[in-house]
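Please look over the sequence and the model before reading on.

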Amino acid sequence: MLKLLKRLWVIMKSPSTASFGFILVIGFLGGIIFWGGFNTGMEATNTEAFCSGCHAPIVKEIRETIHYSNRSGVRAICSDCHVPHNWTDKIVRKVQASKELVAFAMGTISTEEKFQARRAHLANREWKRMKENNSQECRNCHQFEFMDFSEQGKRSVSQHSTALASGEKTCVDCHKGIAHQLPNMEGIEGW
Amino acid sequence: MKKILTAILTASIIALSSPAWSNDDALTSNNGGVSSLRGLYEISDVNKAEDLKRVQREQQLIDRNYVQQPPMIPHSIRGYQVNLNANKCLACHSFKNAGEMGATKISVTHFETRSGTTLSDVSPRRYFCLQCHVTQADAKPLVENTFTPVHSLR
């Protein structure tokens, strides 16, 4: 075993007889394949079908909401709100999500009943995450700077021009359950 | 020749007139010739569906027409959840939140149980707001209505 490692070390250390250009081209192509494959793989874990694999009942719920069906046909999928768009933040979230694979293996939410029992826990965790990043995933589309208060309803303006404008509150403080059914809201601020 | 002509003429008159005659018969056969709100149609006919009426996002408070009428909802309620877990209406209209949200408080009568006991929060029988309070679309009344509210509400 040690001998094998030693030989590998020697191979890696000694200069190759291949031309410099050849090595560059190989490295370049290899890089494209590796990086492309990596990103494609990661994007595959951002699709609705992938999320449904474990979270089927909750993925179904979005269909009644404005983020699924609306007048202009623009829609959001799971990852638009639940996975950061910024690349480094995305990687961090994806690594955290590897913990969720354990939950999948243990069947933590494998039945509708188990899922309903855990719903409040899951929702609270997500609200906390959104509050901490100032509802970044909402703001990827709904940017405060471009809100036209004259186009908004009276009730919206009174909230957006005060609490949201001052930064005292963030989107998710009021907009809970906009794409899902709510868990038991007893004791939640504002309910 | 004459006989044949007469026969053809008679046959054609019967042939031409019978569909019209049977149509009239069909029209009056099932509905008794009574025209309903949807017009003089066979019961089995399917009308073209009316366009859905849209609820305005916001409107003026809607006046009550009689004393006991539950006030109507003067805003859109799309996506509002009122169920065992959550009550979106009470997130603004409850005693706790109404002040901060600048919304109308629900009446204390909503705290009363069927037997007249006043509870500390909304009575279960009054929890489902949309059972009595509904939104109002800008829709033309189907029939003329001459109802006028009592003097105190005018």
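The sections below treat the model itself, then each chain, and finally the contact between the chains.

## The model and its confidence

This is a predicted model, in which local features need pLDDT of at least 70 and side-chain atom pairs count only at pLDDT 80 or more, while totals for chains, interfaces and linings use all residues. Residues are numbered from 1 along each chain as its sequence is written, and chains are lettered from A and ligands numbered from 1 in the order in which they are written.

The predictor assigns the complex an ipTM of 0.78 and a pTM of 0.77. A further score, pLDDT, is the predictor's confidence in each residue, from 0 to 100. The average pLDDT of chain B is 83, and 81% of its residues score at least 70. Among the elements of chain B, helix α2 (residues 90-93) has the highest mean pLDDT (94), and helix α1 (residues 2-29) has the lowest (57). Where pLDDT is low, the predicted coordinates should not be read in detail.

## Chain A as a whole

Chain A contains 9 helices and 0 strands; here helices (H or I, at least four residues) and strands (E, at least two) are DSSP runs, numbered from the N terminus. Along the sequence the pattern of chain A is α-α-α-α-α-α-α-α-α. The radius of gyration of chain A is 23 Å, well over the 16 Å that the globule rule gives for 191 residues, so chain A is more spread out than a compact globule. This radius is taken over C-alpha atoms, and the globule rule is 2.2 Å times the number of residues to the power 0.38. Taken along the principal axes, the C-alpha atoms of chain A fill a box of roughly 75 × 40 × 30 Å.

Of the 191 residues of chain A, 8% count as buried. A residue is buried if 20 or more other C-beta atoms lie within 10 Å of its own, exposed if 12 or fewer, and partly exposed in between, with C-beta atoms placed from the backbone. Two residues are in contact if their C-beta atoms, placed from the backbone, lie within 7 Å. Among the contacts in chain A with a separation of 6 or more, 56% join residues 24 or more positions apart.

Helix α2 (residues 20-44) of chain A has 25 residues and reaches 36 Å from its first C-alpha to its last, close to the 36 Å expected at 1.5 Å a residue. The expected span of a helix is 1.5 Å times one less than its number of residues. α2(A) is hardly covered, as the count of buried residues among its 25 residues is 0.

Helix α6 (residues 112-132) of chain A has 21 residues and should span 30 Å; its end C-alpha atoms are 29 Å apart, which agrees. α6(A) has a kink of about 50°, centred on Arg118(A). The bend at a residue is the angle between axes fitted to the seven residues ending there and the seven starting there.

Most residues other than glycine have a negative phi. Asn134(A), however, is not a glycine and has a positive phi of about 55°. Asn134(A) lies in the loop between α6 and α7 (136-139) of chain A. Ser135(A) is found in the loop between α6 and α7 of chain A, and its phi is near 50°, a positive value in a residue other than glycine.

Are these residues buried or exposed? Asn134(A) is partly exposed, because 13 other C-beta atoms lie within 10 Å. Ser135(A) counts as buried, because it has 22 C-beta neighbours inside 10 Å.

## Chain B

Chain B has 3 helices and 0 strands, and its elements run α-α-α from the N terminus on. Of its 154 residues, 6% count as buried. Residues 24 or more positions apart account for 40% of the contacts in chain B with a separation of 6 or more.

Asn83(B) is placed in the loop between α1 and α2 of chain B. Asn83(B) is exposed, because 11 other C-beta atoms lie within 10 Å. Although Asn83(B) and Phe128(B) are 45 residues apart along the chain, their C-alpha atoms are separated by 7.6 Å.

## Where the chains meet

In the complex, 11 residues of chain B are in contact with 15 residues of chain A. On the side of chain B that touches chain A, 2 residues are nonpolar, 6 polar and 3 charged. Ala, Val, Leu, Ile, Met, Phe, Trp, Tyr, Cys and Pro count as nonpolar, Asp, Glu, Lys and Arg as charged, and the others, Gly among them, as polar.

Ile178(A) lies in the segment after α9 (171-174) of chain A. Leaving aside neighbours within four places in sequence, Ile178(A) is in contact with Thr65(A), His67(A) and Gly79(B).
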